Amino acid sequence: MASNERKIIVLPDARTIAENAAERLLARLVQASGPAAICLTGGSSPQQLYQLLAREPYRSALPWDRVHWFMGDDRFVPPDDVLSNMGMARRLFLDHVNAPRENIHPIATTLATPEAAARRYEADLNRFYGRDRLDPARPLFELVVMGLGPDGHTASLFPNAPALLEDKRWVVGVDHAGFEPFVPRVTLTFPALASTREMLFLVEGEEKREILARVLTGNDLPASRARSDGELTWLIDRAAAPESRHAT
Ligand code: 6PG
């Protein structure tokens, strides 16, 4: 059953958000038996988390051999492009830990079109999951990390985009990004992202305060529509918290 209830946790700053997120990720992985999938995100908000995962205690504590790393969306650029989300995750942690190569699942952004890459990624996810229909009782992911764009987008699900309404496919191509960088994208859809034990939004900085207030007051934005078959947790820092407008 999809949860509509957000648990909102306000933390002092970006560093404590990263620490809290790393602890959650570790706890989810320790609880899981057998292969476990984590869905990562791009943007600046998860960067401190990724750096932490390459350091102790996480470097030794994570069961790297059975964790599979997927990306919730990526920019349709070559894998070594500075804009690549998986490229960033590799640079910040995956290249520096004992993650088996076959456990890292990049979106194939070298294919001819975002649509072709989306089909390929959906097949990759189907293979990992063992079927092509999602069962709410058996989530695809242990944890899905999400960010909040200044226009309310999340993953590459932009305001008013047709992808918001997708209810069957797990992954779609996005020819026109609604926000910078304006390169085509490939994104998981809401049903695929919802198939998780926990969806974890990371929201930091004063520049997110206004859009976060809109999400929290029920405006119909992509990030407001994100649901989870498990828990739905928003970690926000004081600077982004709407009530912090006059705080010192
Ligand atoms: C992307 C991201 C995107 C991101 C938000 C928030 O590829 O751009 O996946 O959805 O999470 O734009 O980005 P920041 O963390 O940089 O604010």
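The structure is a predicted model, in which local features need pLDDT of at least 70 and side-chain atom pairs count only at pLDDT 80 or more, while totals for chains, interfaces and linings use all residues. Residues are numbered from 1 along each chain as its sequence is written, and side-chain values use heavy atoms, with hydrogens and water left out.

The ligand is surrounded by 16 residues, the closest being Ser44, Ser45, Asp73, Ala155 and Lys208; a residue is near the ligand if one of its heavy atoms lies within 4 Å of it.

What of the backbone? Ala155, one of the closest residues to the ligand, has a positive phi of about 45° although it is not a glycine. Ala155 counts as buried because its relative accessibility is 9%, whereas Asn160, with phi near 65°, counts as exposed at 76%. Buried means under 20% relative accessible area and exposed over 50%, with partly exposed in between (1.4 Å probe, protein chains only).

Cis peptide bonds also deserve a look. One runs from Glu56 to Pro57, with omega near 5°, and another joins Glu180 and Pro181, with omega about -5°.
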